[in-house]
Amino acid sequence: MNLFSSLTLITLTILALPIAMNLTNYKNAPFALHVKSSIACAFITSLIPTTLFMFSGQEMIISNWHWMTIQTLKLSLSFKLDHFSILFVPVALFVTWSIMEFSMWYMNTDPNINQFFKYLLMFLITMMILVTANNLFQLFIGWEGVGIMSFLLIGWWYGRTDANTAALQAILYNRIGDIGFILAMAWFLLYSNTWEFQQMFMLNQDPNIIPLIGLLLAATGKSAQFGLHPWLPSAMEGPTPVSALLHSSTMVVAGIFLLIRFYPMMENNKTIQTMALCLGAITTLFTAMCALTQNDIKKIVAFSTSSQLGLMMVTIGINQPHLAFLHICNHAFFKAMLFMCSGSIIHNLNDEQDIRKMGGLFKAMPFTSSSLIIGSLALTGMPFLTGFYSKDLIIESANTSNTNAWALVITLIATSLTAIYSTRIIFYVLTNQPRFTTTININENNPLLINSIKRLAFGSIFAGFFLSYNTPPMNLPQMTMPTYLKLTALMVTITGFALAMELNLMTKNLKFKLPSNMFKFSEQLGYFPTTMHRLMPSLNLNMSQKTASLLLDLIWLEKTMPKNLSHLQMTTSIVVSNQKGLIKLYFFTFLTSILLTTLLII
Amino acid sequence: MPSIFINIILAFATALLGTLVFRSHLMSSLLCLEGMMLSMFILSTLIILNMHFTMSFMMPILLLVFAACEAAVGLALLVMVSNTYGLDYIQNLNLLQC
């Protein structure tokens, strides 16, 4: 008997302690430092169960408090510590530790910095609840919790209307996904009489498609797949630490995590796998295309996140949930680091976010630019950095599996687009001469900033190796394949790099052309927000208003018979008749004919 | 045939002539239409009562009702023409547009 369960519960309790400080007067205490230290302690205590798992494969379910029983449904507080949650908790805590340290530097001048840290901590707690939940009810609590905290954090600078709109947009799109979640919960309640994972998996070896579609819809909403994706780039209105934590590493992977949790059901249903594959492929290509022409550095990274989420969905679609989970963990490191480097650049250039106004930072900010390059290389899947261990394996599995060829092709295209927009960022931000004003002080020598980015840089380089070689293998990887298939990911990435560098270098010599149609498609995000945000609600509201107030009186009583009749008569008489209105002539000829007939007969 | 019938048929023929041949006012045609209706009513009432044709006792009343509707429609048309042109001269109806 070891300390597995105790340490896990201690980890969760350490995270919740700074919230208890709310009861005391914490205005003068260094609250931010307390929060960061408690997260660091929680990280270290959570490493021990992880190490136990890595060496002995021990998994556990902690079920300690029976809350209530509603007729035949038993609801209790239970934590599922399996392969996924044991590995995810330390990764999330490590990334959050670095982000907390970073935001101590970034939000230094904010008067509400204590509230900011409190919100971030509450987000982290709800994310932990989501990840360790053993029943759907607890997962739903975590699910809604991360949604609420996302709303509060995106709208942090609430004086700005764009921020409020973006926060509301995030809530609305997530709500549409929640419909799917509730559908799945209701179906499981009716047909399996439970919300516990173990019983659900035992009873549903050959599952019906309905709950799986509900879960896919929930993942589409939370993980910004195509159709419910516009909230993610809009969520960049929040401060950079929020973007780094929520919208790159932790919250947006909640949808994918949900689908990974349900892998025993999804591996038996081919239809849902195909749906996930196609949805993920469309998402990854579309968002990568949109990232090519954006000018805001945070939006490019946000679209990059969205594209990687599509890739994770593709991985679920080819029935490789463990690879998807590995990609989640790896992606957290380098994406958070990319956001933090962007935050460092933005703050140092006096809150400038447009890459067309940056440049020449290679010599001015060496540390940030090196970590930016490390992050971009890890993102594109450079061999033996972090991204390689998950991304290359995903592309290999997709290439060698019996899958939808179209989805495969557009995933490969999206992989090369990843290289292209990463090169674009590096070219515009780091190289050439500066395009910002000369009165800016660039100083990145703050230990808070340097240490946090350094930690994540180490993670970006080594975490992939570390995780891949220490976790027990869950399925057989494909060992033999032709050389050209093995090198596919590398080849498309190198093609993307070369193409992007060529095009970027050519821009110094070409004259400015007006944007082509393809450019406009990419710039306006595929016209999706432009058409859908106004058109659909206004159609719905107009139709419902007309039905409610005008249908009975105006239409049925007035327009159906009388107006229709008169309108019909007028139209037909105009169209049909060719008379000239010689009424007296017509009457006279009538009289003559009658008289003639009478005379002939009598 | 009793001579009263010839009298009334003559009245009908005069009113018919008045309906079909008129000079400029549409109203005169409508008035003669009413005259036609009146003579038809008297004629049918006399014949039906003389022959004790009980089943058709309703017919003149029916004729009256429908003639009233028809007169209303005619007057409505007259009012429409009068609204557009000021008078009901028949030479105004030359366009056949609405």
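In the predicted model, A:Leu77 is found in strand β2 (residues 73–81) of chain A, strands being DSSP runs of E of at least two residues and helices runs of H or I of at least four, numbered from the N terminus. At 30% relative accessibility A:Leu77 counts as partly exposed, a class that lies between buried (under 20% relative accessible area) and exposed (over 50%), with a 1.4 Å probe and protein chains only. Residues are numbered from 1 along each chain as its sequence is written, and chains are lettered from A in the order in which they are written. Because the model is predicted, local features need pLDDT of at least 70 and side-chain atom pairs count only at pLDDT 80 or more, whereas totals for chains, interfaces and linings use all residues, and side-chain values use heavy atoms, without hydrogens or water.

A search of the whole structure finds eight salt bridges over all chains, each a side-chain nitrogen of Lys or Arg within 4 Å of a carboxyl oxygen of Asp or Glu. One of them joins A:Arg455 and A:Glu101 at 2.2 Å, N to O, and links helix α20 (residues 447–470) with helix α3, the two residues being 354 residues apart; both A:Arg455 and A:Glu101 are buried.

Helix α3 (residues 83–106) also holds A:Thr96, which counts as buried because its relative accessibility is 1%. Apart from neighbours within four places in sequence, A:Thr96 is in contact with A:Ile39, A:Leu124 and A:Leu245, contact meaning heavy atoms within 4.5 Å.

A further salt bridge connects A:Glu396 and A:Lys486 at 2.8 Å, N to O.
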